[in-house]
Amino acid sequence: MSLAVWPPISPEDLKVKAAESLERELEWIVQETMSLCYDLKHGIEDCYALLAPIDPGSTLVMSTHRNEAVKGTITRVGTRIVKGTLNLQFRTLPPQQIIISPTEPIHLPALDALHIHLTQAIDLLGLTISSSPPTAPALASALTVLAESLAESAALLKGPSPSKADSDPAWQTASCPRHHFSPPIPGNMSFYMTLQESSIVLWLRALEPAGVPVNFGLKLGLAIGTVRRLEHDEMDVVFRYNPDGDGGCEPKRGGGGGGAATGEPPMSGKKQQTEDVYVREKVRIESADPSLISLHSKLGYLSHMLGQARHNLAAVMGLDLES
């Protein structure tokens with residue numbers, strides 16, 4: 001069986017007709033992709049709205065399960081923890097209450113970075129839509145940048161894997177400074193917040209200076225069994241702890257800021273003061289944030305839409321899209 005073109009044309013004319021057909025197909029796929037960009041922009045704007053600083057925010061329960069070690073709530077507005085009250089019943093510390101100062105909200109570096117990614121994605125799509133119809137290579141390049149931004153946004157919400165999160169050393173440099181609390185928390189307390197699986201995770205650690213000798217009463221109690229040591233994965237390890245943090249909890253001025261959100265060194269003029277400490281007790285509290293869960297779900301759907309558009313455009317352009 002053979003295929004023939006009728007009326008017959010020369011090979012040169014056939015090449016011209018094939019090029020014209022490919023050009024029309026490429027023009028059509030660019031128009032279809034541009035239409036999809038409008039939907040992507042609206043979808044990312046919805047994601048942005050879920051992270052917008054709108055009162056009254058999200059009030060989350062921060063309490064330990066099956067015991068009374070930590071009981072309380074915090075309130076997130078946008079990328080900040082604006083208020084919160086936690087009652088602590090640690091075994092190595094006297095009962096106390098932690099109150100987040102309403103005048104010194106705590107910024108979550110991961111959410112600050114997520115806010116930047118969403119803003120850049122909206123700006124990129126706005127520029128792509130408002131400009132004259134782009135060429136296929138220019139459109140493919142813009143979609144590649146957008147796909148990377150959405151992937152990084154989803155990774156920020158997902159956070160580290162559970163195995164890595166338990167041994168995350170970031171608390172040593174990124175714990176919240178004392179001035180975020182009213183009254184200030186004791187110097188032997190580390191307050192560290194992060195994101196994991198679209199949940200707000202709080203690590204509280206009771207610290208002890210490494211250079212302080214153990215008193216005789218504690219030694220005797222450990223020896224005869226009247227005092228029981230709290231076993232955890234960080235016991236008997238000396239850590240270099242910076243009680244002033246790395247600036248990640250502070251408001252970002254000038255549209256940027258390094259710290260834990262970007263992995264860059266903190267932009268601080270003063271020398272960091274570190275201390276050698278032991279971790280006497282550690283408690284992990286996790287609270288699922290409905291807005292962040294919805295945000296992660298929307299990002300997944302938009303990434304799927306974007307991935308299909310990129311593969312369709314690459315197929316017409318004759319490119320091999322790896323990601």
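**Helix packing and an open sheet in a predicted model**

Helix H3 (residues 136–158) packs against helix H7 (residues 290–317) at an angle of about 155°, and their axes are 9 Å apart. Axes here are lines fitted to C-alpha atoms, for helices over the stretch in contact, and angles run from 0 to 180 degrees between N-to-C directions. H3 is therefore roughly antiparallel to H7 (under 35 degrees counts as roughly parallel, over 145 as roughly antiparallel, 65 to 115 as roughly perpendicular and the rest as oblique). The model is predicted: local features need pLDDT of at least 70, side-chain atom pairs count only at pLDDT 80 or more, and totals for chains, interfaces and linings use all residues. Residues are numbered from 1 along each chain as its sequence is written, and side-chain values use heavy atoms, with hydrogens and water left out. Helices (H or I, at least four residues) and strands (E, at least two) are DSSP runs, numbered from the N terminus.

**Confidence**

- The average pLDDT of the protein is 84, and 81% of the residues score at least 70; pLDDT is the predictor's confidence in each residue, from 0 to 100.
- Over residues 254–270 pLDDT stays under 50, and the model has 15 contacts beyond four places in sequence for this stretch. Contact means heavy atoms within 4.5 Å.

**Helix H3 with H7**

- H3 and H7 cross in the left-handed sense (the near helix is turned anticlockwise from the far one by less than a right angle; clockwise would be right-handed).
- On the H3 side, the residues in this contact include Ala136, Leu139, Leu143, Leu146, Leu150 and Leu157. On the H7 side, they include Leu292, His296, Leu299, Leu306, Arg310 and Met317.
- The residues of the contact of H3 with H7 comprise 17 nonpolar, four polar and one charged. Ala, Val, Leu, Ile, Met, Phe, Trp, Tyr, Cys and Pro count as nonpolar, Asp, Glu, Lys and Arg as charged, and the others, Gly among them, as polar.

**Helix H3 with H2**

- Helix H2 (residues 109–130) and H3 cross at roughly 160°, and their axes come within 9 Å. H2 is therefore roughly antiparallel to H3.
- The crossing of H2 and H3 is left-handed.
- From H2 the contact involves residues including Ala110, Leu114, His117, Leu118 and Thr128; from H3 it involves residues including Leu139, Ala142, Val145, Glu152 and Leu156.
- This contact of H2 with H3 divides into 13 nonpolar residues, four polar and one charged.

**The sheet**

- An open sheet is formed by four strands in the order E6-E7-E9-E8, with antiparallel pairing. Two strands pair if DSSP finds at least two bridges between them.
- Strand E6 (189–196) and strand E8 (239–241) are at the edges with a single partner strand each, so one side of each has no neighbour in the sheet. On average, neighbouring strands of this sheet are turned by 40° against each other, direction ignored.
- Strand E7 (residues 199–209) pairs with E9 in the antiparallel sense over 11 bridges. Within E9, Val279 is the bridge partner of Leu207.
- E8 is joined to strand E9 (residues 275–288) by three bridges, and the two run antiparallel. Tyr241 has Glu275 of E9 as its bridge partner, and Arg240 has Asp276 of E9.

**Loop details**

- Between Asp55 and Pro56 the peptide bond is cis, with omega near 5°. Pro56 lies in the loop between helix H1 (11–50) and strand E1 (58–61).
- Between Ser182 and Pro183 the peptide bond is also cis, with omega near -5°. Pro183 lies in the loop between helix H5 (171–174) and E6.
- Arg66, a residue other than glycine, has a positive phi near 65°. Arg66 sits in the loop between E1 and strand E2 (70–77).
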